[in-house]
Structure formats: C-alpha cells, structure tokens
Amino acid sequence: ILPFTAYLLRTSKRNWQRILFLFSIIIQTIAIAFTKSWGAVLGIGLLVVLIIISRKNFQRRIVIVFGLIFLVFAFIGIVGRLQKDKGFVAESRERIFHKVFAAAMHKPILGWGWANADYAFESVVWPIPMRFDVYVDKAHSTILEVFATTGIIGLVFYSAILFRILKLLIHNLKSKNKINYLWHETILIAFILYLFHAQTNVISINEEIFFWIIMGI
C-alpha cells in the first residue's frame, strides 16, 4: 500500500491532501515497524531507494540495488553463523528453507502438489528427529514454495510470468507524461516490493491480491 500512498502524495495539488497522505504514510510506517519484521522494515528502505533512483537509468540502478540487498543478506547470514549458538529453533527460516528445498529435490519434476508445502516439510528430517514438530504449511518464500509444490516445470512457468511482468512494467516507464510515468513507476515499485517481501515472509491473501492486480494491469 505504501507505494500507492506515496503516489497520491506526489500527485496531490492541494496542501490538505498532501498533509493527509503524509500522515497516512507515517502511520503505515510506524505500523510496519511494530510488526518487527526485518523483511518489512528493509522493504521501507527499498521503497525509499527505488523512488530516489527512479529518475534516471532505473533499469541499471535497480540491478545494483538488488545486488547490494543480496550482499547485505549474505553479510547478515555470515555474521549470524559466526555468532555464538543461541540454541535450536524449530520454526527458524533456516530450518524451513532447508527442509522444503531438500523435499523439493526429492520430487523435482512435478513437486509435491499444489498447496502441499506442509507435506514437503514433514517429509525431511533435519537437523534432528522431532517427535512433536512445528506445523509449517508455507515455505516463507513464494519461489521456493512454487518449486516444492509444482516442481521445476511449475517454477519455469512462474519465473516466466514474473520476468514478463517486470519487462512490461519497465517498458511502461517510457511515458513522457509525468502523471502516467509516476503511475507506471508506482506499479513497478509495488511489484518489486511484493517480490522482495514474498521471499522473506508468508504472504497473506490481502498482499497476494496486489500481485494479481498488478499482473492484470
């Protein structure tokens, strides 16, 4: 929702509207911060960066931004490994990713079946057997979940859809009309934020609606 609120703020012509939308952005940002979700908080930073760099060479700079984000996550992961062991966490992202990916490799062609990430998770024992394990029905990453549930065939189609949408949205930035440009830019940024957040958290139906709306547009 933040990119669309930012769009309304940037296109408003009356001061009272700008104040209203600015207040809305502040409230939304505070709400996101209170979720204590690192993926959501980093998403706010990504939103700000994308708006700043969108004026020129958007395509090239976006690649650089994603490269830096990858390096940041890699650094966090390495530091986490070097830190003192804090004990076993059954529902940790590391364990979920490892188990679901390992299960996907057992059925790499067609996967475990649509919406069967829970069966995939339960099929692998890692790192130790557990008599009463946590219930996980989502892979916490849409790309990993598509691979686990529909196999490499489903992943190829899903990836093609994502790249096609991204290509069309970037192409639409060629509009010379300022309002049209800001709208296309907003749609593109919302799509990028969705892709980013969808690889770090479980996506709710409310958030997935934005993906299908953007795809329809």
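The accessible surface of the chain comes to about 14,000 Å², and 69% of that area belongs to carbon and sulfur atoms, where accessible areas come from the Shrake-Rupley method with a 1.4 Å probe and, for residues, only the protein chains shown count as cover. The structure is a predicted model, in which local features need pLDDT of at least 70 and side-chain atom pairs count only at pLDDT 80 or more, while totals for chains, interfaces and linings use all residues. Residues are numbered from 1 along each chain as its sequence is written, and side-chain values use heavy atoms, with hydrogens and water left out.

The chain has nine helices and zero strands, the helices being DSSP runs of H or I with at least four residues and the strands runs of E with at least two, numbered from the N terminus. Of its 217 residues, 37% count as buried, a class defined by under 20% relative accessible area, with exposed meaning over 50% and partly exposed in between (1.4 Å probe, protein chains only). Among contacts with a separation of 6 or more, residues 24 or more positions apart account for 65%, a contact being heavy atoms within 4.5 Å.

On the surface, Leu 22, Phe 23, Ile 26, Ile 27, Ile 30 and Phe 34 form a nonpolar patch with about 630 Å² of accessible area together. Patches are made of residues with over 30% relative accessible area and no salt bridge, like charges being joined within 9 Å and nonpolar side chains (Val, Leu, Ile, Met, Phe, Trp, Tyr) within 5 Å.

Side chains of opposite charge can pair when their charged atoms come close. A search of the whole structure finds four salt bridges, each being a side-chain nitrogen of Lys or Arg within 4 Å of a carboxyl oxygen of Asp or Glu. The table gives some of them.

| Residue | Partner | N to O distance |
|---|---|---|
| Arg 10 | Glu 185 | 2.7 Å |
| Asp 133 | Lys 99 | 3.4 Å |
| Glu 145 | Lys 138 | 3.6 Å |

The side chains of Arg 10 and Glu 185 meet in a salt bridge. Arg 10 lies in helix 1 (residues 2-11) and Glu 185 in helix 8 (residues 178-198), so the pair ties together parts that are 175 residues apart in sequence. Arg 10 is partly exposed at 28% relative accessibility, whereas Glu 185 is buried, with a relative accessible area of 0%.

The side chains of Asp 133 and Lys 99 also meet in a salt bridge. This pair links distant parts of the chain, with Asp 133 in the loop between helix 6 and helix 7 and Lys 99 in helix 5 (residues 93-106), 34 residues apart. Asp 133 counts as partly exposed at 32% relative accessibility, and Lys 99 as buried at 2%.

In the pair of Glu 145 and Lys 138, Glu 145 is buried with a relative accessible area of 14%, while Lys 138 is partly exposed at 33%. Elsewhere, salt bridges that share partners join Arg 95, Lys 99 and Asp 133 into one network.

His 140 is placed in the loop between helix 6 (117-122) and helix 7 (142-171), and it counts as buried because its relative accessibility is 14%. The side chain of His 140 reaches the backbone oxygen of Lys 138 at 3.2 Å. Not counting residues up to four places away in sequence, His 140 touches residues including Arg 93, Ile 96, Phe 97 and Val 202.

Definitions and conventions: A polar contact is a pair of N or O atoms within 3.5 Å; within protein, one must be able to donate a hydrogen and the other to accept it, and residues adjacent in sequence count only if both atoms are side-chain atoms.
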